[in-house]
Amino acid sequence: MINHTILTFAAAREIVGAGSFKTDLAPGATVSDLRARILEAYPAFGELSDFAIARNEAYALPEEVLVEGDELVIIPPVSGG
């Protein structure tokens with residue numbers, strides 16, 4: 001298993017109750033696998049209209065494979081005008 005630290009901001013931070021959290025994923029896990037793990041651990045994320053995951057300072061695609069040392073950030077939906 002590979003331990004990943006996921007940073008949180010705004011609504012994501014409120015759901016998690018902290019600025020980051022850790023999760024373990026099997027080697028070869030994808031961003032989609034991470035999303036499923038987040039929803040399992042924090043069901044309140046399912047109430048958001050959508051949330052993105054950034055990997056190494058860029059929006060991540062669901063099929064991207066995560067590796068040890070990736071910087072991972074949950075980007076909650078934003079509103080503005």
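**View A. Contacts of Phe45 in the predicted model.** Beyond its neighbours within four places in sequence, Phe45 is in contact with Ala12, Ile15, Val16, Ile38, Leu39, Phe51 and Ile74. The model shown here and in the other views is predicted. Phe45 has a relative accessibility of 1%. That is under 20%, so Phe45 counts as buried.

**View B. Aromatic rings around Phe45.** Ring pairs join Phe21, Tyr42, Phe45 and Phe51 into a cluster. The count of aromatic pairs is 3. In one of them, the ring centres of Tyr42 and Phe45 are 6.3 Å apart. Their planes meet at 85°, which makes the pair edge-to-face. Phe45 also pairs with Phe51, and this pair is tilted. Here the distance is 5.1 Å centre to centre, with 50° between the planes. Both Phe45 and Phe51 are buried.

**View C. A charge over the ring of Phe51.** The charged end of Arg35 sits over this ring. It lies 4.1 Å from the ring centre of Phe51. Phe51 itself is buried.

**View D. The largest nonpolar core.** This core has 17 residues. Those with the most contacts inside it are Leu34, Ile38, Phe45, Phe51 and Ile74. Helix H1 (10-16), strand E2, helix H2 (31-41) and strand E5 each give two or more residues to the core. H2 gives the most, with 3 residues. Nonpolar side chains tend to be buried together in soluble globular proteins.

View E. E1 covers residues 2-7, and its side chains alternate. Ile2, His4 and Ile6 point to one face and are buried.

**View F. Strand partners of E1.** E1 runs antiparallel to strand E2 (residues 20-25), and 6 bridges join them. Thr23 in E2 is the bridge partner of His4. With strand E5 (residues 72-75), E1 pairs in the parallel sense over 2 bridges. In that pairing, Leu7 stands opposite Val73.

View G. Where does Phe9 make contact, leaving aside neighbours within four places in sequence? Its partners are Val73, Ile74 and Pro76. Phe9 and Ile75 are 66 residues apart along the chain, yet their C-alpha atoms are separated by 7.1 Å. The relative accessibility of Phe9 is 44%, so it counts as partly exposed.

Conventions: Residues numbered from 1 in each chain as written. Predicted model: local features only at pLDDT ≥ 70, side-chain atom pairs only at ≥ 80, totals over all residues. Heavy atoms only, no water. Buried < 20%, exposed > 50% of the residue type's maximum accessible area, 1.4 Å probe, protein only. Helix = DSSP H or I, 4+ residues; strand = E, 2+ residues; numbered from the N terminus. Pairing = 2+ DSSP bridges. Core = buried A, V, L, I, M, F, W, Y, C linked by side-chain atoms within 4.5 Å. Contact = heavy atoms within 4.5 Å. Phe/Tyr/Trp six-rings, centres within 6.5 Å; stacked < 30°, edge-to-face > 60°. Lys NZ or Arg CZ within 6 Å of the ring centre and 35° of its normal.
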